[in-house]
Amino acid sequence: MARRAFNPAFVTRLQAHPTARLPLFTRNRPSLRTTQRMSTKIAFRLSDAIQNTGRPPIPQAYEWAESYTPTPSRPLLDMSQGVPGVPPPPAVFAALARAAQDPQNCGYLPNAGLPALCDAIAAEMRVGYGGAARVPVDVNAEDIVVTAGCNLAFVAVAMTLADKGDEVILPVPWYFNHEMTLTMLGITPVLLHTYAREGFLPSIERCAALITEKTKAIVLVTPNNPTGAIYPPSIIAAFARLAHERNIALVLDETYRDFILTHAPHALFSPPTSAPGADVPSADWSWRSTFIHLFSFSKSYCVPGHRLGLVCASPEMTRALCTALDSLQICAPRPPQSALAPLIAGLRPFVRATAEAVAHRHTLFKARLPARWRIGSQGGYYAFVRHPFKGRHANEVCERLAKETGVLSLPAGFFGPKGDEEGTVGDEDRWVRFSVANVDDERVVLVCERLAESENVFGWELD
């Protein structure tokens, strides 16, 4: 895809929208300090699966933020949750309104979703994965299943692939909802550690050594959440080759695929003869045998509250998937499917411009970040940054940033196994995730100024 020049006017227009600066997670959310308490003791026993599953970590960060008192000159600066900082374009609002008033959209849909949306998204994938060279892409509507968000897509895929006691390989730092899902289902997450010295890219050799007779899948996220690392097509092809050789599934969560501006995300959907050799797993590659693609409409189309995601996989897999989905959702919400189906192709300029705005913010964040704060990787919505405070766990740093400076971010401890915060702090404990998508340029600059300020006011030893 040819890259167009960045348009600053687009950013200005988006930032002018009245909802652009509101933290979406906390909108209309009652304060934990003011909510009236009542007796909450239950007489029954909760399941072991739920009790063994970690709690969602983002509410913890918002509890820290409640200790901060914002003022007009010192507002809360929220770079924590990965949410779009802008609304969808007016055409989407108008279509949603029409769809919500259509009596037909009060009814059920097939498990796999609205056929028109499946057609539209398959066509869009053929454009996006074909790239500027217009490489052939073998994706059809029959490969698509629409879900109520990408998290539910992952839940359904995990239920379809693995049984209790089976193993799924998961890179660390992990996307916490993936680990929570596996734990809740009794599936063992096998940890594939990634490291700053390698740009937080996963190692194919280390992954191969983790595969056992119980392994059912390898899960990757690119662009990554939380690190922002963008996996090169050659690395994705190597993992696809490994999965194919071992007869296990490669599950690739590509929620942030549209925020890659320089090249097509990968060539797995293309015939072996039509893509560069290093980007194709093998000469006899057929993606439907072992590859499962996940996607969310939330980021690209700025509609997280309407809960749409999808799975792209072999029809043999999707038929089995629909068995799980019939119990989980029956069908994904119908009005947003009806609204988006005729708009997908026409929204391409909006998606591109939004991605360019986020890329601009990444550049600004990197340029204004204090010298002692080091970026390990960035892409999609996120920058993964090493803080400069010697011997201090990122959990402690993020808590003080929220409570004392009004900067809300998430520590690496939220994206991996629970460690000992009182023990020796290693390099892996010093990383912080910043989401550049849900703030404007002005607030990116303010965040960087407050990070510099923290070096002087926290009273901790610096690198």
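**Entry 1: a pair far apart in sequence**

I started with D463 and found that it forms a salt bridge with R386, the closest N and O atoms being 2.9 Å apart. The model I am reading is a predicted one, so I treat every distance here as computed from it. I then looked up where the partners sit: D463 is in the segment after α15 (441-457), while R386 is in strand β10 (residues 382-386). The pair links distant parts of the chain, 77 residues apart.

Is R386 buried or exposed? R386 counts as buried, because its relative accessibility is 16% and the cut-off for buried is under 20%. D463, at 40%, counts as partly exposed.

**Entry 2: other salt bridges**

How many salt bridges does the structure hold? I read off 18. One of them joins the side chains of K216 and D166, with 2.9 Å from N to O. K216 lies in strand β5 and D166 in the loop between α6 and β3, so this pair ties together parts that are 50 residues apart in sequence. K216 is partly exposed at 28% relative accessible area, whereas D166 is buried at 13%.

I looked at D258 and R257 too, whose side chains meet in a salt bridge at 3.9 Å, N to O. Here D258 is partly exposed at 25%, and R257 is buried at 6%. A handy reminder for my notes: side chains of opposite charge can pair when their charged atoms come close.

**Entry 3: helix α7**

Next I turned to helix α7 (residues 176-184), which is mostly covered, with eight of its nine residues buried. Among the buried ones I listed F176, H178, M180 and L182. What do the buried residues of α7 pack against? I found α3 (58-65), α6, β3 (167-172), β4 (188-193), β5 (215-221) and β6 (249-253). After α7 comes G186, which has a positive phi near 80°.

**Entry 4: two helices crossing**

I followed α6 (residues 150-161) to α11 (residues 315-328): their axes come within 9 Å and cross at roughly 115°. The crossing is right-handed. On the α6 side I noted contact residues including L152, V155 and M159, and on the α11 side M317, L321 and L325 are among them.

**Entry 5: a surface patch**

Last, I checked the surface and found a nonpolar patch formed by I42, F44 and L46, with about 300 Å² of accessible area together. L46 sits in the loop between α1 (8-15) and α2 (48-51), and L46 is partly exposed at 41% relative accessible area.

Notes: Residues are numbered from 1 along each chain as its sequence is written. This is a predicted model: local features need pLDDT of at least 70, side-chain atom pairs count only at pLDDT 80 or more; totals for chains, interfaces and linings use all residues. Side-chain values use heavy atoms; hydrogens and water are left out. Patches are made of residues with over 30% relative accessible area and no salt bridge: like charges are joined within 9 Å, nonpolar side chains (Val, Leu, Ile, Met, Phe, Trp, Tyr) within 5 Å. Accessible areas come from the Shrake-Rupley method with a 1.4 Å probe; for residues, only the protein chains shown count as cover. A salt bridge is a side-chain nitrogen of Lys or Arg within 4 Å of a carboxyl oxygen of Asp or Glu. Helices (H or I, at least four residues) and strands (E, at least two) are DSSP runs, numbered from the N terminus. Buried means under 20% relative accessible area, exposed over 50%, partly exposed in between (1.4 Å probe, protein chains only). Axes are lines fitted to C-alpha atoms, for helices over the stretch in contact, and angles run from 0 to 180 degrees between N-to-C directions. A crossing is left-handed if the near helix is turned anticlockwise from the far one by less than a right angle, and right-handed if clockwise. Contact means heavy atoms within 4.5 Å.
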